[in-house]
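Colleague: I've got a model open on my screen and I'd like to learn how to read it. Could you take me through it, feature by feature?

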Amino acid sequence: MFELTKQQKILRSLVREFAESELATRVLKLDEKRAFPFDIVKKLAAQGIIGMTSSKDLGGTAIGHLAGIIAIEELARVYPSIAFFLEGSQAPMYAIENFGTEKQKKTFLPPIIKGDKIICIAATEPAGGSDLASIATIAVPVKGGYVIKGRKVYITNGGVADLVAVVAKTGERAVILLVEKGTPGFTVAGRENQMGFKSVHISELTFSDCKVPAENLIGKEGAGLAIAMSSFIVARPSIGAIGLGIARGAFDIALKFAKERVLYGKPISKLQNIQFMLAEMETEIEKARWVIYYPAAALDRGSSPRDIGKYAARAKAVGAEVAAEVTKRAIQILGGCGVNPEYRLAGLLNDAMELFPASGTVEIMKVIQAREILNKVKH
Ligand SMILES: Cc1cc2nc3c(=O)[nH]c(=O)nc-3n(C[C@H](O)[C@H](O)[C@H](O)COP(=O)(O)OP(=O)(O)OC[C@H]3O[C@@H](n4cnc5c(N)ncnc54)[C@H](O)[C@@H]3O)c2cc1C
């Protein structure tokens with residue numbers, strides 16, 4: 001039977017304690033102000049929560065993908081925005097650590113892991129994120145580097161990032177280039193108006209004749225799409241974990257309410273319908289948990305992103321679905337209080353809905369799974 005290690009169990013209780021003490025009281029205010037909590041990023045770093053899969057010589061803790069998933073789940077249970085901030089950093093950090101040069105790794109990763117700098121990855125464009133191969137942003141090779149021209153939308157952490165990994169085309173081939181904040185031609189054009197993840201800056205970025213040195217190319221010219229895909233695959237279980245955390249947060253709120261709310265002279269938890277809803281909600285959460293943990297555990301056992309493509313896609317889709325379903329039911333259990341923002345469920349449902357498109361839509365996740373399933377069937 002699958003069991004978490006002692007280290008993973010300790011990590012879960014430490015992160016839970018951190019989330020309860022540092023985040024719980026600030027959620028409503030942060031959401032209301034749409035304010036990015038830089039101080040929390042520093043505290044996460046101090047706890048070793050940024051860079052959990054990064055090597056120790058870069059300042060990471062290297063305790064693994066599943067540990068990272070557990071941390072994200074616990075943070076999302078209390079404040080999904082901060083978990084989403086972490087997830088947004090994961091793909092570009094993975095790209096640099098696994099495909100970048102030694103100089104890129106040593107220059108760019110330690111300050112991110114320390115919480116001094118923030119990173120994002122910019123792939124999606126206004127013409128459609130699902131068709132990544134047809135992006136219009138170009139990187140023209142010039143003496144000593146590349147000149148980037150294009151526009152990116154819905155970029156998680158985009159408005160607060162010190163470093164952007166930009167996916168662009170050089171002719172028919174793609175590249176990923178690192179653009180530092182302050183590089184002439186790079187602008188944060190605006191912040192998207194999102195229904196959830198209120199304190200995360202999800203932004204539109206423009207690059208107009210933005211010149212970057214050749215040494216900012218991650219991997220080889222032409223490998224940009226493959227690197228982006230591998231990096232997105234590795235980050236997808238984290239989206240699933242945010243969904244799992246949201247579902248658990250909503251379940252805990254509903255359970256507490258059901259025990260406290262008295263109708264007909266007794267708590268509503270004595271009503272069979274409420275009991276059945278709680279049983280079904282917890283069943284959905286436990287079913288989702290193993291689907292979401294599986295690809296992260298596989299990475300820890302040495303599987304490559306390519307090996308886990310189907311499982312990572314499934315984890316992401318299941319996470320979005322369990323978050324929305326369980327939160328909707330929790331809202332029903334709370335009756336009128338369920339739609340009062342102070343009970344937090346309305347905010348959690350808004351966050352849950354953001355998970356459907358983020359990091360590839362739920363439909364694209366099903367396309368990926370179906371492709372792998374059908375390719376394995378022999379007729
Ligand atoms: C909260 C949030 C954070 C994000 N963060 C980032 C980020 O950090 N970096 C980044 O680059 N992008 C980011 N994105 C963008 C995200 O990756 C895209 O929204 C997503 O890939 C979908 O692209 P689109 O919105 O253009 O929808 P479209 O691609 O236009 O899709 C529209 C509809 O068509 C469906 N569809 C498309 N193709 C198919 C198909 N083959 N089969 C069936 N249905 C299909 C989709 O499922 C969807 O329902 C973020 C988005 C959100 C909402």
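**Around the ligand**

Modeller: Let's begin with the ligand, which has 22 residues around it, the closest being Thr124, Gly129, Ser130, Thr156 and Thr361. A residue counts as near when one of its heavy atoms lies within 4 Å of the molecule. Keep in mind that this is a predicted model, where local features need pLDDT of at least 70 and side-chain atom pairs count only at pLDDT 80 or more, while totals for chains, interfaces and linings use all residues. Residues are numbered from 1 along each chain as its sequence is written, and side-chain values use heavy atoms, with hydrogens and water left out.

Colleague: Where is tyrosine 154 placed, and is tyrosine 154 buried or exposed?

Modeller: Helices (H or I, at least four residues) and strands (E, at least two) are DSSP runs, numbered from the N terminus. Tyrosine 154 belongs to strand S3. For accessibility, buried means under 20% relative accessible area, exposed over 50%, and partly exposed in between, using a 1.4 Å probe and protein chains only. Tyrosine 154 comes out at 52%, so it counts as exposed.

Colleague: What about backbone angles? What is the phi of tyrosine 154?

Modeller: As a rule, most residues other than glycine have a negative phi. Tyrosine 154 has a positive one, about 55°, although it is not a glycine. Arginine 34 also has a positive phi of about 55° without being a glycine. Arginine 34 lies in the loop between H2 and helix H3 (38–46), and its relative accessible area of 31% makes it partly exposed.

Colleague: On to pockets. How do I read the largest pocket, and what is its volume?

Modeller: The general idea is that rolling a probe the size of a water molecule over the atoms shows where empty space is left. On a 1 Å grid over the protein atoms alone, where a 1.4 Å probe fits, a pocket is an open set of points with protein on both sides within 12 Å along at least five of seven lines, and lining residues have an atom within 4 Å of a point. Grid points are joined across faces, edges and corners, and the volume is the space filled by probe spheres set on the points. The largest pocket holds about 1,300 Å³. Its lining has 41 residues, with Met229, Phe232, Arg236, Ser359 and Gly360 closest to the centre.

Colleague: Which element gives the largest share of that lining?

Modeller: That's H7, with 9 residues. Elements supplying at least two residues each include helix H5 (80–99), helix H7 (224–260) and helix H11 (362–376). By class, the lining has 22 nonpolar, 12 polar and 7 charged residues. Ala, Val, Leu, Ile, Met, Phe, Trp, Tyr, Cys and Pro count as nonpolar, Asp, Glu, Lys and Arg as charged, and the others, Gly among them, as polar.

Colleague: Why is the second largest pocket said to lie between domain 1 and domain 3?

Modeller: Domain bounds come from an automatic or database domain assignment. Domain 1 (6–113) and domain 3 (225–376) both contribute residues to the lining, so the second largest pocket lies between them. That pocket has a volume of about 420 Å³. It is lined by 15 residues, among them Gly249, Ile253 and Lys256, and H7 gives the largest share, 6 residues.

Colleague: Last one: is arginine 289 buried or exposed, and which side chains does arginine 289 contact?

Modeller: Arginine 289 lies in helix H8 (residues 272–300) and counts as buried at 8% relative accessibility. Its side chain makes a polar contact of 2.7 Å with that of glutamate 73, and another of 2.6 Å with that of glutamate 286.

Conventions: Polar contact = N/O pair within 3.5 Å; in protein donor to acceptor, adjacent residues only side chain to side chain.
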